[in-house]
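Open the model in your viewer and keep the selection tool at hand. The tour moves from stop to stop, and each stop says what to select and what is there.

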Amino acid sequence: MPIVTPALAAIIFAAGAVSGGFGALLGIGGGVLLVPFLNLGLHLPFPVAAAISLTTVIATSSSVSAARAGKQLINMRLGMLLEVATAAGSLFGGVTAQMLAQSTVQKVFGVVTAMVAIIMLTRLQRRNVILDPDIDPGPLGGRYHEEESGGMVTYRVKRLPLALAASFVAGNMSSLLGIGGGFIKVPVLNAWCGIPVRAAAATSAFMIGVTATAGAVIYYGTGQLVPALAASAVLGVQLGSWGGMRFGQRASAMWLKLLMAVVLFVVSAVMFTRGIR
Amino acid sequence: MNRLERTIGAVLRAGVIASSLALAVGLLLQFMNAPGAQVLLHAGILTLLATPVARVIVSIVGYIRVRDWTFSTLTAIVLLELLASAVAALVFNKRL
């Protein structure tokens, strides 16, 4: 286990603030940045890095969802249904993480971050499809007021088995790699299941708290979750995401997404080659 | 269901504030070599982990209250999955 010095805690706090800020600006979790920094930059064992990142995922999910609860953007019924799949995936991933070699997990991380980058590039200009406001949302659909257009958005949930499958995979990756998994769920829910991107993102952010907890509990039990380092990261990420949300609203994040995609490709390549060696 | 959403929001907010406070004070105490640092840090982490669990329990109660048996069952399954990961944590904990 790493020795916790004030300098190490300060570095992790700063790293948390940076990844939390980017996470809030880009609508992705900061985990894809925080985990490689902790593992490759600070040489923490992969499970220790993943555990720290998962605690920041829980904190972000809880604080963001607390602010949004009651505003209809989070589809709580859909979220709670899909959580059955994400929590199962996360439990499975947390157990697998104890059995896989670090090099294997690094290779998986490399592949997954490359996927995130590709998804990000394909969604640079993504806008909401115009939805018929008079449709019946059904038992799982939703209705919310969209501030930009000033109108009500109503949607139905399609292809539920696909949403459940994507949630299981997202949960699995979450606890294995220490990330939220929103980048798997949100595009699937948006592109194939009929859910507007804002509702999909809010619902995913709501779910990842439970998902990450199922994984983090296992790391806590094995002693791989170092409380002092997790504390530094959690406090840093909260500061960063607060700043990102406060100052990033007006930024048209397109160039930022491009920059981020490049960074992710680099992270992916470094992580993958580290896994091969 | 708006009442349940507001309760969930309150639970999440309370959990985040309580755990962040415990973690911040615990971290300060740790670097001052003061006693109680480890206790506060562990309490902060456990509060953080307990917050989503509490949110699931509140949801089960909320759905039972409105006699929504489908969602009572679904949220109960999520709680069981969280308990299963706690059991897995105990199994992996070699200190036991």
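## Stop 1: the largest cavity

Select A:Ser61, A:Ser62, A:Ser65, A:Phe206, A:Gly209, A:Val210, B:Leu12, B:Pro52 and B:Arg55, which line the largest cavity. On a 1 Å grid over the protein atoms alone, a cavity is a set of points where a 1.4 Å probe fits but cannot get out, and lining residues have an atom within 4 Å of a point. The elements giving two or more residues to this lining are α3 (46–68) and α8 of chain A, together with α2 of chain B. Helices (H or I, at least four residues) and strands (E, at least two) are DSSP runs numbered from the N terminus.

The largest cavity holds about 40 Å³ of space. A volume is the space filled by probe spheres set on the grid points, which are joined across faces, edges and corners. By this rule there is one cavity of 30 Å³ or more. The lining of the largest cavity divides into four nonpolar, four polar and one charged residues. Here Ala, Val, Leu, Ile, Met, Phe, Trp, Tyr, Cys and Pro count as nonpolar, Asp, Glu, Lys and Arg as charged, and the others, Gly among them, as polar.

A note on the numbers: this is a predicted model, in which local features need pLDDT of at least 70 and side-chain atom pairs count only at pLDDT 80 or more, while totals for chains, interfaces and linings use all residues. Residues are numbered from 1 along each chain as its sequence is written, chains are lettered from A and ligands numbered from 1 in the order in which they are written, and side-chain values use heavy atoms, with hydrogens and water left out.

## Stop 2

Axes are lines fitted to C-alpha atoms, for helices over the stretch in contact, and angles run from 0 to 180 degrees between N-to-C directions. Angles under 35 degrees count as roughly parallel, over 145 as roughly antiparallel, 65 to 115 as roughly perpendicular and the rest as oblique.

Among the residues that meet here are A:Phe206, A:Val210 and A:Tyr220 in α8(A), and B:His42, B:Pro52 and B:Arg55 in α2(B). Contact means heavy atoms within 4.5 Å. By class, this contact has twelve nonpolar, three polar and one charged residues.

## Stop 3: the second largest pocket

Which residues lie nearest the centre of the second largest pocket? Select A:Val217, A:Tyr220, A:Gly221, B:His42 and B:Ala89, from a lining of 22 residues. A pocket is an open set of grid points with protein on both sides within 12 Å along at least five of seven lines. The volume of the second largest pocket is about 330 Å³. α3(B) gives the most to its lining, with six residues. That lining divides into 14 nonpolar, seven polar and one charged residues.

## Stop 4: α1(A) and α2(A)

Finish in chain A with helix α1 (residues 6–26) and helix α2 (residues 31–41), whose axes come within 8 Å and cross at roughly 155°. α1(A) and α2(A) are therefore roughly antiparallel to each other. The residues in contact include A:Ile11 and A:Phe22 of α1(A), and A:Leu33 and A:Phe37 of α2(A). By class, the contact of α1(A) with α2(A) has eight nonpolar, two polar and no charged residues.
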